[in-house]
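Work through the exercises below with the sequence and the model side by side. Try each task before reading its solution.

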Amino acid sequence: MAKTVKAKKRERAERLREKHKKEVWKPGTMLYPVPAVMVSCADLSGRDNIITVAWTGIVCSDPAMVYISVRPERFSYKMIEESGEFVINLSSEALVKSTDFCGVRSGRDIDKWEACGLTRGRASKLKAPLIEESPVNIECAVEKVIKLGSHDMFIGRVLAVDVEARFIDERGRLSLDKCKLTAYSHGEYYALGKLLGSFGYSVRKKD
Ligand SMILES: Cc1cc2nc3c(=O)[nH]c(=O)nc-3n(C[C@H](O)[C@H](O)[C@H](O)COP(=O)(O)O)c2cc1C
């Protein structure tokens, strides 16, 4: 006897459930991919440092606000807390090794700028230096610190964004795709893959 539509739907749902069967894990931060960025900072005496941060993101468009979450025991923590500023430097393929290095060595022991061959640049609004080799530097003033547990979340108001001029097209738009940015996923660094679509493409009319 031919299967009813209802029976076919039920079987399909069953197959899907089987294919996507889940195990429930304990709470964890399995939210990937994220950007791993290099955050530059300085204390009030002018001593500066770079720390790699993957717990970072956008929290508001207007005013432009971002966050970084930093463990209080990091050498950089005091610098950011004391100065109330930090720079988020986006990581490109060329910078991925430095990004890893700045995340496994402490500024307590070494000068990471020198160790990685990175260049201090003058930020337009902050005393903290930016990383010249990074294609995009986001200058932030700490707006709020939220203590969450292992990490404190520094919410930063974006005061300026420094964009490498060679990535700006003739219409004044940033060609971020040309910057060769990287992503961090579950302990691994990746180059970005192929373009799959653009904002709103799922509903855009084709002519
Ligand atoms: C890919 C990657 C991501 C990291 N993300 C964070 C982060 O979001 N917050 C944090 O406190 N530490 C993070 N770390 C660890 C710090 O970067 C690391 O402890 C670093 O050595 C601290 O530098 P400092 O002691 O000079 O401040 C990350 C490390 C790596 C390699």
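Two strands pair if DSSP finds at least two bridges between them. Helices (H or I, at least four residues) and strands (E, at least two) are DSSP runs, numbered from the N terminus. This is a predicted model, in which local features need pLDDT of at least 70, side-chain atom pairs count only at pLDDT 80 or more, and totals for chains, interfaces and linings use all residues. Residues are numbered from 1 along each chain as its sequence is written.

**Exercise 1. Find the partners of β4 (65–70)**.

Solution. 
- Start with β9, residues 152–163. β4 and β9 pair in the antiparallel sense over six bridges.
- Now take β3, residues 56–60. Four bridges join β3 to β4, and the two run antiparallel.
- Check again: Gly-57 has Tyr-67 in β4 as its bridge partner.
- Look at the link. Four residues lie between β3 and β4, which form a hairpin.

**Exercise 2. Describe the shell around the ligand**.

Solution. 
- Apply the cut-off: a residue is near a molecule if its C-beta atom, placed from the backbone, lies within 6 Å of it.
- Count the shell. The ligand is surrounded by 22 residues, and the closest are Phe-75, Ser-76, Gly-103, Ser-106 and Gly-107.
- Name the elements that give two or more residues: β2 (48–53), β4 (65–70) and α2 (75–83).
- β2 gives the most, with four residues.
- Sort by type: nine are nonpolar, eight polar and five charged. Here Ala, Val, Leu, Ile, Met, Phe, Trp, Tyr, Cys and Pro count as nonpolar, Asp, Glu, Lys and Arg as charged, and the others, Gly among them, as polar.

**Exercise 3. How many helices and strands does the chain have?**

Solution. 
- Count the elements: four helices and eleven strands.
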